[in-house]
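User: Can you walk me through this model? I'd like the surface, the strands and the charged pairs.

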Amino acid sequence: MSSPAPNRPLAVPDRAARVRFRRALALMVMTLLVPGSAQLVGGNRRLGRVAMRIWLGLVAVVALTLLVSVLWHPLVFWAVSNTLLLGLVRLLLMALAVGWAALFIDAWRIGQPLSLLQNHRLAAVGVNGMLCFSVAGSLLFGAHLVGVQRDFMVTMFGDSKVVGAHEGRFNVLLLGGDSGAGRWGLRPDSLTVASIDAETGRTVLIGLPRNMASFPFAEGSAMAAEFPQGFDCDGCYLNGVSTWAQDHTDLFGDSDNPGIDATISAVEGITDLKINYWAMVNLQGFKDLVDAFGGVELNVRDRIPVGLPHESYFHYIEPGVKKLNGQDTLWFARARHGSDDYSRMARQKCVMNAMLQQVSPDQALRNFEKIAKASSAMISTNVPGSEVDRFLQLALKAKSQKMSTVSLVPPLINTAAPDMAVVHSTVSTAIDRAEGVKPSQPPAPVEAATPAAPTTDAPPAAPQTTPSTPAPVTGGSVGTLSSGYAANQAEDLGSAC
């Protein structure tokens, strides 16, 4: 006589337990995909309808924003620079994190965890916790990044007066200086005017040597009143204007930055351009920005020393196309050994061009927090926050175009006693060429200047019968002090570097 099949009475309870477990998991997945759907199925339907409407509304807004952004990029630039919008988005993401987490907890409650078997109950708690913390954590991290961007905008950019373009161009003075207690930027180590076409973004970099002397100041400025014959005092050079102004602040009224104001009046007097805005770059912090972007690729044409021989990190950057980190990029731009100031100016322009061309939006997104932190510590500027989106658009346009350079250096310009008519003509001609206007009487190009006697820092000129002979390189820059450096006078900076 056969005995009854074992455990048959437990089959139905086991099946029911598995059904309840699958239902509990389904409610959590529904909450993940469509918040509020679990409440519509088995909970508070009113709460479910409100949650679903909010969710669908947000999906529609995000989809529409993405579509418009693809078709019209300025929307993105406006959004990432508007502090009010960024603040609202941050609060919205935080509220979504809390609300979504609450819906997950409610979905777990609707799944009746006390009716589940112990192992099913533990699994349901684990799945719910993972989903809850993953979703809420992602939203809170997004809120953090938005907060970083907002703080960056507030810290970096102020509410300075908006200045319109001058003759169709924005002229931004870029100042580079060492950090240090009491001397941050007091004697600019690098001075460059970025003249940007207000429509196309086509940019001309105008390099000013720090050792220029006997130059005029802009008419009507405090410095012009003090030096009506120009800055021709003993030992007075362009990079010393800021220091002089800091020692005579009473001449500048209630100015917040007398040193910068004085330097701007000097640059305007030299270039005959009206400066819209300025940006001061802490060159020591520059290496952090390069590292945040993952490095920059440069064509190293000659051995460049990094540091001084007695320093532990001293080494050479060997010739070749190299991807350099922040420390090496900084020394590539600033090294003086076996070089001169004008070669260094040429290398600095090559770094500027490489940064503009190589920095991509996906790099910026991947390293966003590092970039924002490095930029805040590196740059001080008077560009208004309301103008940031405009310059982001112009930078995007400039990325796809040639960048031109003109430097007011020998052999074209005698920095000890510059001919201001030649200086003004050189600057205006470079801008005209960048805009496609053929100048009526262009200044003599650098290559047409009478060469000085060969110096020991470069080989003699190659014979005309050997055009394939590589151009001489001095201090890592193509050219020599007597013939000029290619990157200092170029209609296409990329090809000169």
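**Overall picture**

Analyst: The accessible surface of the protein comes to about 25,800 Å², and 61% of that belongs to carbon and sulfur atoms. Areas come from the Shrake-Rupley method with a 1.4 Å probe; for residues, only the protein chains shown count as cover. This is a predicted model: local features need pLDDT of at least 70, side-chain atom pairs count only at pLDDT 80 or more, and totals for chains, interfaces and linings use all residues. Residues are numbered from 1 along each chain as its sequence is written, and side-chain values use heavy atoms, with hydrogens and water left out.

User: What share of the 497 residues is buried?

Analyst: Buried residues make up 44%. Buried means under 20% relative accessible area, exposed over 50%, and partly exposed in between (1.4 Å probe, protein chains only).

User: How many helices and strands are there?

Analyst: The protein has 17 helices and 14 strands. Both are DSSP runs numbered from the N terminus: helices are H or I with at least four residues, strands are E with at least two.

User: And the contacts?

Analyst: Take contacts with a separation of 6 or more: 69% of them are between residues 24 or more positions apart. Contact means heavy atoms within 4.5 Å.

User: Strands next. Is S3 mostly covered or open?

Analyst: Mostly covered. S3 spans residues 203–208, and six of its six residues are buried.

User: Which way do the S3 residues point?

Analyst: Thr-203, Leu-205 and Gly-207 point one way. Val-204, Ile-206 and Leu-208 point the other way, and all are buried. In a regular strand the side chains alternate between the two faces of the sheet.

User: Which strands join S3?

Analyst: S2 (residues 190–197) runs antiparallel to S3, with six bridges. S10 (residues 404–407) runs parallel to S3, with four bridges. Two strands pair if DSSP finds at least two bridges between them.

User: What sits between S2 and S3?

Analyst: Five residues, in a hairpin. Gly-201 in that turn has a positive phi of about 85°.

User: What is the strand order in the open sheet of three strands?

Analyst: The order is S11-S12-S13, with antiparallel pairing. S11 (473–474) and S13 (484–485) stand at the edges with a single partner strand each, so one side of each is left without a neighbour in the sheet.

User: Switching to charges. How many salt bridges are found in the whole structure?

Analyst: The search finds 12. A salt bridge is a side-chain nitrogen of Lys or Arg within 4 Å of a carboxyl oxygen of Asp or Glu.

User: Which residue does Asp-189 bridge to, and how far apart are the closest N and O atoms?

Analyst: Arg-344, at 3.3 Å. The pair links distant parts of the chain: Asp-189 is in the loop between S1 (169–177) and S2, while Arg-344 is in helix H12 (residues 341–358), 155 residues apart.

User: Are those two buried or exposed?

Analyst: Asp-189 is buried at 10% relative accessible area. Arg-344 is buried too, at 3%.

User: Which residues are linked in a network of salt bridges?

Analyst: Asp-189, Arg-210, Arg-334, Arg-336, Asp-341 and Arg-344.

User: Give me other pairs.

Analyst: Arg-390 meets Glu-387 at 2.9 Å, N to O. Arg-390 is partly exposed at 35%, while Glu-387 is buried at 6%. Lys-274 bridges to Glu-268, with the closest N and O atoms 4.0 Å apart. Lys-274 is partly exposed at 47%, and Glu-268 is buried at 14%.

User: Last one. Which residues make the nonpolar surface patch of about 600 Å²?

Analyst: Leu-64, Leu-67, Val-70, Leu-71 and Trp-72. Patches are made of residues with over 30% relative accessible area and no salt bridge; like charges are joined within 9 Å, nonpolar side chains (Val, Leu, Ile, Met, Phe, Trp, Tyr) within 5 Å. Leu-71 is in helix H3 (residues 45–71) and is exposed, at 68% relative accessible area.
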